[in-house]
Amino acid sequence: MSAEKGAKIFKTKCSQCHVIDASNPTGHKQGPNLTGLWGRQSGQAEGYDYTEANKNSGFIWNEDTLETYLTNPKKAIPGTKMVFAGIKKAKERKALIAFLKESTSA
């Protein structure tokens, strides 16, 4: 699956809580603005109130950490406040990760 398919997955599964908006990087929704996510340490988006678990997880967002996190966020970072259950289909995760890499790299 491609980043184009990942954009559709983002719209249907992520955009209710997240935005990618470089013109307003501190403009958060229920979840943080994902601008600059790629290569950044978890819990570091300016102006967003993360849990200590997220801030201290040590995750650096890349293909491997996103694969783990998007499979089951609460298992990957116990104590996260993200209520999303995860994306069970590997092809959907891969497409979403491709989209996030393309759209959130600094």
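The largest nonpolar core of this predicted model has 21 residues. Those with the most contacts inside this core are Phe-10, Trp-61, Leu-66, Tyr-69, Leu-70, Leu-96 and Leu-100. At least two residues of the core are supplied by each of H1, helix H3 (63–71) and helix H5 (90–104). H5 gives the largest share, 5 residues. In soluble globular proteins, nonpolar side chains tend to be buried together.

Leu-100 illustrates how parts of the chain meet. Residues up to four places away in sequence being left out, Leu-100 touches Phe-10, Ile-20, Leu-34, Leu-37, Trp-38, Leu-66, Leu-70 and Ser-105.

**Helix H3**

Within H3, the residues Thr-65, Leu-66, Glu-67, Tyr-69 and Leu-70 are buried. The packing partners of the buried residues of H3 are H2, helix H4 (73–76) and H5. At the start of H3, the backbone nitrogen of Asp-64 lies within 2.9 Å of a side-chain oxygen of Asn-62.

**Salt bridges**

The structure contains 5 salt bridges. Side chains of opposite charge can pair when their charged atoms come close.

| Lys-55 | Glu-52 | 2.9 Å |

The salt bridge between Lys-55 and Glu-52 has its closest N and O atoms 2.9 Å apart. Both residues of this pair belong to helix H2, where Lys-55 and Glu-52 are 3 residues apart, about one turn of the helix. An α-helix has 3.6 residues a turn, so residues three or four places apart point the same way. Lys-55 is partly exposed, its relative accessible area being 30%.

Lys-101 is partly exposed, at a relative accessible area of 38%. Glu-63 likewise counts as partly exposed, with 39% relative accessibility.

Arg-93 is buried, with a relative accessible area of 8%. Through salt bridges that share partners, Glu-67, Arg-93 and Lys-94 are joined into one network. Glu-67 is also among the buried residues of H3.

**Asn-33, a residue in a loop**

Asn-33 is located in the loop between helix H1 (3–13) and helix H2 (52–55). Is this residue, Asn-33, buried or exposed? Asn-33 has a relative accessible area of 1% and therefore counts as buried, the limit for that class being under 20%.

Which atoms does the side chain of Asn-33 reach? One is the backbone oxygen of Asp-21, at 3.1 Å from the side chain of Asn-33. The side chain of Asn-33 is also joined to that of Thr-35 by a polar contact of 2.8 Å. With neighbours within four places in sequence set aside, Asn-33 is in contact with Val-19, Ile-20, Asp-21, Asn-24, Pro-25, Gly-27, His-28, Arg-40 and Ala-45.

Terms used: Residues numbered from 1 in each chain as written. Predicted model: local features only at pLDDT ≥ 70, side-chain atom pairs only at ≥ 80, totals over all residues. Heavy atoms only, no water. Helix = DSSP H or I, 4+ residues; strand = E, 2+ residues; numbered from the N terminus. Buried < 20%, exposed > 50% of the residue type's maximum accessible area, 1.4 Å probe, protein only. Polar contact = N/O pair within 3.5 Å; in protein donor to acceptor, adjacent residues only side chain to side chain. Contact = heavy atoms within 4.5 Å. Core = buried A, V, L, I, M, F, W, Y, C linked by side-chain atoms within 4.5 Å. Salt bridge = Lys/Arg side-chain N within 4 Å of Asp/Glu carboxyl O.
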